[in-house]
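Try each task before reading its solution.

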Amino acid sequence: MITVTTASELRDVLTAERRAGGTVGFVPTMGYLHPGHASLVARAAAECDSVVASVFVNPLQFAAGEDLDTYPRDPEGDARTLEAAGGDVMFLPHEDEMYPGGRSAMLTSVAVSGLSARWEGAARPEHFAGVCTVVAKLFHLVGECRAYFGEKDWQQLAVVARMVEDLSFPVDVVGCPVVREPDGLAMSSRNVRLAPAERAAAPVVHRALRAGADLVADGEADAGAVRRAMAAVVAEVPAATVDYLEPVDPRTLEPVDRTDRPVRLIAAVQLGSVRLLDNVGAAPGGTA
Ligand code: AMP
């Protein structure tokens, strides 16, 4: 595996790959890689001739007062993880390579309205415009590719897929299943910040989602009942604060009244300093 830090090096490597007839898989990340990220790289390696992963903590998607400066970083460890998972190129740009003149010099922003407004977008109003702007930029640098995103960030996946569709990027967006710790906690770079007692309590989010999915599978068709059942599970942990815990339409992300069809159960729960995001599919009969 090679590491490149500039857009021109990245283009050179990928141009050579394409001249040789190879297909490109792309995995955008913010680094501090764990087995969830590695699963995206491994899937890309299985389906594409060459795999690029970007490691860039994108300042545009952090609001003032969020954890941009303290976001965990480990580029050497990331290189080892990528290589072991089958990555070929790590794109590790400095901030001024992505945003010459600094982020405040960026006058262009890509925003997907509607889909970005609720849930994470309500809690973090500039977040998805920051994500879409950097992902659009990365897609331009990488070019035609299959791009792998985790279902862990279900709303992000929906927003990026819509941006690709609306703006005709030559990119196939591929969603990949959530990778979990043995106790059900969805893996996340920020989990390292959970204090031991918080880490022990954190699987409550997945337990709540599973309880909701089981109810839907058993035929509960009232979304309110499903929501209340999930909230009751999280309430077992007094330190956990629910931001949202909702049955939604899997594509539009609009809240649903009825759970008599496939839905997505989405969660954001604050535990200590960590905002835990997770989601599961649910359907009557249990086939989502
Ligand atoms: P991040 O570095 O957190 O921006 O995540 C980069 C990519 O990895 C995104 O597409 C995430 O959805 C995905 N990802 C993060 N955690 C997981 C996980 N536990 N399972 C699957 N994909 C994940």
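## Exercise 1: a loop leucine

Leu253 counts as buried, because its relative accessibility is 2% and the cut-off for buried is under 20%. Keep in mind that this is a predicted model.

**Solution.** 
- Step 1: Most residues other than glycine have a negative phi.

## Exercise 2: a loop tryptophan

**Task.** Decide whether Trp119 is buried or exposed, and describe its backbone.

**Solution.** 
- Step 1: Trp119 sits in the loop between α4 (95–98) and α5 (120–123).
- Step 2: The relative accessibility of Trp119 is 12%, so this residue counts as buried.
- Step 3: Phi of Trp119 is near 55 degrees, again a positive value in a residue that is not glycine.

## Exercise 3: a helix threonine

**Task.** Work out which residues Thr133 touches and what its side chain reaches.

**Solution.** 
- Step 1: Thr133 belongs to helix α6 (residues 127–142).
- Step 2: With a relative accessible area of 6%, Thr133 is buried.
- Step 3: Leaving out residues up to four places away in sequence, Thr133 touches Leu60, Met106, Thr108, Ser109 and Val110.
- Step 4: Now pick out Val110: the Thr133 side chain reaches the backbone nitrogen of Val110 at 2.9 Å.

Note on methods:
Residues numbered from 1 in each chain as written. Predicted model: local features only at pLDDT ≥ 70, side-chain atom pairs only at ≥ 80, totals over all residues. Heavy atoms only, no water. Helix = DSSP H or I, 4+ residues; strand = E, 2+ residues; numbered from the N terminus. Buried < 20%, exposed > 50% of the residue type's maximum accessible area, 1.4 Å probe, protein only. Polar contact = N/O pair within 3.5 Å; in protein donor to acceptor, adjacent residues only side chain to side chain. Contact = heavy atoms within 4.5 Å.
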